[in-house]
Amino acid sequence: MTTASSADHPTRRDFLFVATGAAAAVGGAAALWPFISQMNPDASTIAAGAPIEVDLSPVAEGQDIKVFWRGKPIYISHRTKKQIDEARAVNVASLPDPQTDEARVKSGHEQWLVVIGICTHLGCIPIAHEGNYDGFFCPCHGSQYDSSGRIRQGPAPANLAVPPYQFVSDTKIQIG
Amino acid sequence: MSGPSDYQPSNPALQWIERRLPILGLMHSSFVVYPTPRNLNYWWTFGAILSFMLGMQILTGVILAMHYTPHADLAFKSVELIVRDVNYGWLLRNMHACGASMFFFAVYVHMLRGLYYGSYKEPREVLWILGVIIYLLMMATGFMGYVLPWGQMSFWGATVITNLFSAIPYVGESIVTLLWGGYSVGNPTLNRFFSLHYLLPFLIAGVVVLHVWALHVAGQNNPDGVEPKTEKDTVPFTPHATIKDMFGVSCFLLLYAWFIFYMPNYLGDADNYIPANPGVTPPHIVPEWYYLPFYAILRSIPNKLAGVIAMFSAIIILCFLPWLDSARTRSSKYRPLAKQFFWIFVAVCILLGYLGAQPPEGIYVVAGRVLTVCYFAYFLIVLPLLSRIETPRPVPNSISEAILAKGSKAVASVAVALVAAGALFLGSLGDARASEGSDKPPGNKWSFSGPFGKFDRGALQRGLKVYKEVCANCHGLSYVAFRNLGEPGGPGYSVAQVAAFASDYKIKDGPNDAGDMFERPGRAADYFPSPFPNEQAARAANGGAAPPDLSLITKARSYGRGFPWFIFDFFTQYQEQGPDYVAAVLQGFEEKVPEGVTIPEGSYFNRYFPGHAIKMPKPLSDGQVTYDDGSPTTVAQYSKDVTTFLMWTAEPHMEARKRLGFQVFVFLIIFALLMYFTKKKVWADSH
Ligand code: FES
């Protein structure tokens with residue numbers, strides 16, 4: 001029996017066990033990574049999420065169009081003077097998610113409202129030009145957004161999000 | 001799993017569970033205190049390796065199914081996109097595809113071990129039969145999995161194997177239609193194969209549970225084939241067997257990783273990189289290496305029905321082994337004659353595997369028949385006879401006695417391991433085709449060869465230029481997106497350069513709001529367009545033969561290397577048959593057809609093309625494409641550059657694969673060493 005000899009070096013043996021266990025743990029954790037990472041969007045999906053350009057010239061005043069970017073509906077509204085005025089007349093402090101209309105549009109292009117058309121409550125698509133505030137109405141649980149896409153009434157906690165976009169020219173925007 | 005457990009957890013929560021569902025006690029008695037014969041050698045580790053591989057195949061398979069599309073039109077492309085676009089998709093696919101080979105390799109070792117040490121004998125008959133059932137399920141699963149990528153071999157393999165059932169008298173044809181779900185192998189076939197390929201592994205796992213259960217009731221056999229008698233004959237499963245198995249698995253991982261990272265296509269068939277084509281059969285249909293011996297038996301019998309029966313009998317006969325061999329001594333260690341015949345049998349199986357990969361002609365047919373007779377004779381004549389006439393050597397009284405008498409047998413085991421590994425390499429003989437009347441292309445030096453190989457960026461950029469100016473007139477690159485040109489491991493273009501390159505192309509898009517198709521400039525996310533709107537147009541413009549898509553051409557074209565080169569290839573990671581072939585064909589055109597050779601009207605003579613008659617005219621001539629970097633503008637240089645580029649289009653992540661492979665190897669070697677020393681410490685007190 002060699003019990004005596006292995007009891008002589010308890011520290012050396014412990015070190016070996018700990019090192020082996022640690023290597024197994026590190027290896028196992030590293031091996032897990034590819035299995036998790038594969039769930040993320042793949043390269044073609046990411047590439048398909050590149051910016052898109054939208055021509056605004058055919059959109060008449062009072063009209064709005066819906067385009068898709070990264071699988072999400074984007075509402076582009078050509079607002080009337082009345083809608084802009086309504087949006088700007090509101091006392092910002094009284095809003096559930098206070099934000100000025102100026103902060104939600106590009107200066108010099110006040111007539112264009114560009115928002116992601118996804119209700120901030122649970123993800124339904126609000127209907128444009130409906131509801132009490134000349135803006136959007138979500139049929140799911142009755143959230144009402146104003147003509148600036150800000151939440152005014154109902155369960156949604158936040159304003160409709162503004163996607164990243166910029167004006168390439170007066171009649172063309174690039175979303176993304 | 002042997003009797004009620006005396007396991008009593010100290011934690012009250014665990015006690016609460018244990019009283020209601022004694023699963024912890026079951027685990028404890030099965031995998032912790034379970035008495036293991038102390039003389040088990042490393043051949044017994046393959047049970048653990050197999051459990052590991054089953055888990056690995058299920059895990060990677062479930063993940064691949066998240067990305068795979070089981071549709072005849074989309075399956076091939078979805079597999080290619082898994083490899084190219086999914087994060088670590090190339091790794092997961094290699095793990096699964098090479099995993100199948102590793103699984104079969106391990107199961108063969110496991111079965112031969114059972115055969116040698118008599119593990120099928122009383123009281124382990126049911127255990128053995130359950131094993132044969134697992135093996136049959138594995139064969140069905142492996143076959144259906146091979147069909148899923150929907151390449152040429154997949155499609156024609158499916159056709160050939162399902163047609164086996166047409167041999168059944170009277171109802172054969174109807175059964176085949178039933179299996180296909182159509183008039184030929186098609187989309188319904190693919191769908192059901194996918195469904196079953198996903199289902200069967202769980203059945204395997206179920207039978208494995210029964211297999212392990214039966215094992216734990218009967219107790220493990222051991223190299224001396226005597227049952228444990230006293231406590232001194234056994235050690236507790238944990239930590240002894242656990243740590244030994246973990247060391248075995250970590251060594252096995254080295255072999256597995258070698259295939260995953262350095263030889264991923266070594267055991268596959270090049271033809272499976274050609275999308276399934278119901279109109280053309282590959283010159284030779286060969287199954288994967290692990291079915292080759294049975295394939296050889298099938299082909300040896302000149303009658304269709306008899307061949308099919310022989311092939312299935314070759315497996316089913318294993319079920320009767322416990323009764324065919326009635327010798328009282330279990331282990332061949334103490335049976336001098338049985339030992340010799342066992343090794344003859346192993347040689348017969350390996351040779352049958354070799355013959356399965358050869359074309360069924362000449363000497364191969366005769367040899368196949370002789371060996372088929374030998375295969376069955378081993379079970380039906382040799383074993384029953386031996387159990388009557390052989391006088392075995394006396395077996396030791398107990399395991400501990402055997403250990404004390406033990407000499408050094410390690411050398412023999414290592415030799416056997418090498419032979420077993422050799423059997424695996426024989427699989428690559430699947431590439432050895434009948435001579436097709438062409439010269440072997442000369443081997444080239446490629447920048448991407450070897451464990452640290454990287455693509456030569458300059459060659460990639462020049463190759464892209466040659467492709468764009470010459471090849472793109474007829475060939476597409478449908479699995480390559482413009483964005484790939486800017487990705488790491490590729491030609492190294494910037495995002496702006498990629499965008500500019502893409503915008504040179506006109507891409508068909510639509511329909512727009514008016515319902516019309518329109519053309520727009522290419523974007524980074526677009527794929528390289530094909531020069532022809534569809535296959536019919538491509539055929540019409542090229543004298544009837546559609547030019548193949550080049551994305552995978554270097555993987556789809558290779559030539560047989562034959563013995564002994566394939567062994568050399570395995571160790572040197574030489575995987576360049578494809579690029580060598582493509583570069584050679586590009587340079588193999590000759591104006592004058594040599595004496596005595598006739599080629600059909602409208603084709604051209606090429607030294608390296610199989611059959612020498614190629615429809616493609618000489619595409620490259622000196623000075624045709626201008627290079628800005630001062631490289632020579634010769635056909636040789638063009639061929640090398642464009643082949644390098646095509647090699648990259650076939651596997652855009654090759655550099656990532658080799659880099660990660662190196663890191664994994666360093667880790668695995670360190671880990672296996674640590675495991676070895678830990679195992680030694682754990683076992684130190686037991687000898
Ligand atoms: S999702 Fe819009 S109100 Fe609930």
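**Close-up views of a predicted model**

**View 1. An open sheet of four strands in chain A.** The strand order is 5-6-7-8, and the pairing is antiparallel. The model shown here and in every other view is predicted. Strand 5 (127-130) and strand 8 (151-153) of chain A are the edge strands. Each has a single partner strand, so one side of each has no neighbour in the sheet. Strands of a sheet pair through backbone hydrogen bonds, either parallel or antiparallel.

**View 2. Strand 5 against strand 6 in chain A.** The two strands run antiparallel, and three bridges join them. Strand 6 of chain A covers residues 135-137. Ala128(A) sits opposite Phe136(A) of strand 6.

**View 3. The annotated Rieske span of chain A.** UniProt lists "domain: Rieske" for residues 87-174 of chain A, in an unreviewed entry. This span is 28% strand and 3% helix. Its end C-alpha atoms lie 24 Å apart.

**View 4. The annotated C-terminal region span of chain B.** An unreviewed UniProt entry assigns "domain: Cytochrome b/b6 C-terminal region profile" to residues 227-397 of chain B. Here the span is 58% helix and 2% strand. The end C-alpha atoms of residues 227-397 lie 9 Å apart.

**View 5. The largest nonpolar core.** This core has 122 residues. Phe104(B), Tyr375(B) and Phe379(B) have the most contacts inside it. Helix 5 (residues 89-116) of chain B gives the most to this core, with 16 residues.

**View 6. The surroundings of Phe104(B).** Neighbours within four places in sequence are left aside here. Phe104(B) then contacts Tyr135(B), Met138(B) and Met139(B), among others. Its contacts also include Trp289(B), Tyr290(B) and Tyr291(B).

**View 7. Ser30(B) in helix 2 of chain B.** Helix 2 covers residues 23-31 and includes Ser30(B). Ser30(B) has a relative accessible area of 0%, so it counts as buried; the cut-off is under 20%. A polar atom of the Ser30(B) side chain lies 2.7 Å from the backbone oxygen of Leu26(B).

**View 8. Helix 24 of chain B.** This helix has 16 residues, 635-650. At 1.5 Å a residue, helix 24 should span 22 Å. Its end C-alpha atoms are 22 Å apart, which agrees. Of the 16 residues, 14 are buried, so helix 24 is largely enclosed by the rest of the structure.

Terms used:
Residues numbered from 1 in each chain as written. Chains lettered and ligands numbered in written order. Predicted model: local features only at pLDDT ≥ 70, side-chain atom pairs only at ≥ 80, totals over all residues. Heavy atoms only, no water. Buried < 20%, exposed > 50% of the residue type's maximum accessible area, 1.4 Å probe, protein only. Polar contact = N/O pair within 3.5 Å; in protein donor to acceptor, adjacent residues only side chain to side chain. UniProt positions renumbered as here; feature names shortened; annotations may be inferred. Expected span 1.5 Å × (residues − 1). Core = buried A, V, L, I, M, F, W, Y, C linked by side-chain atoms within 4.5 Å. Contact = heavy atoms within 4.5 Å. Pairing = 2+ DSSP bridges.
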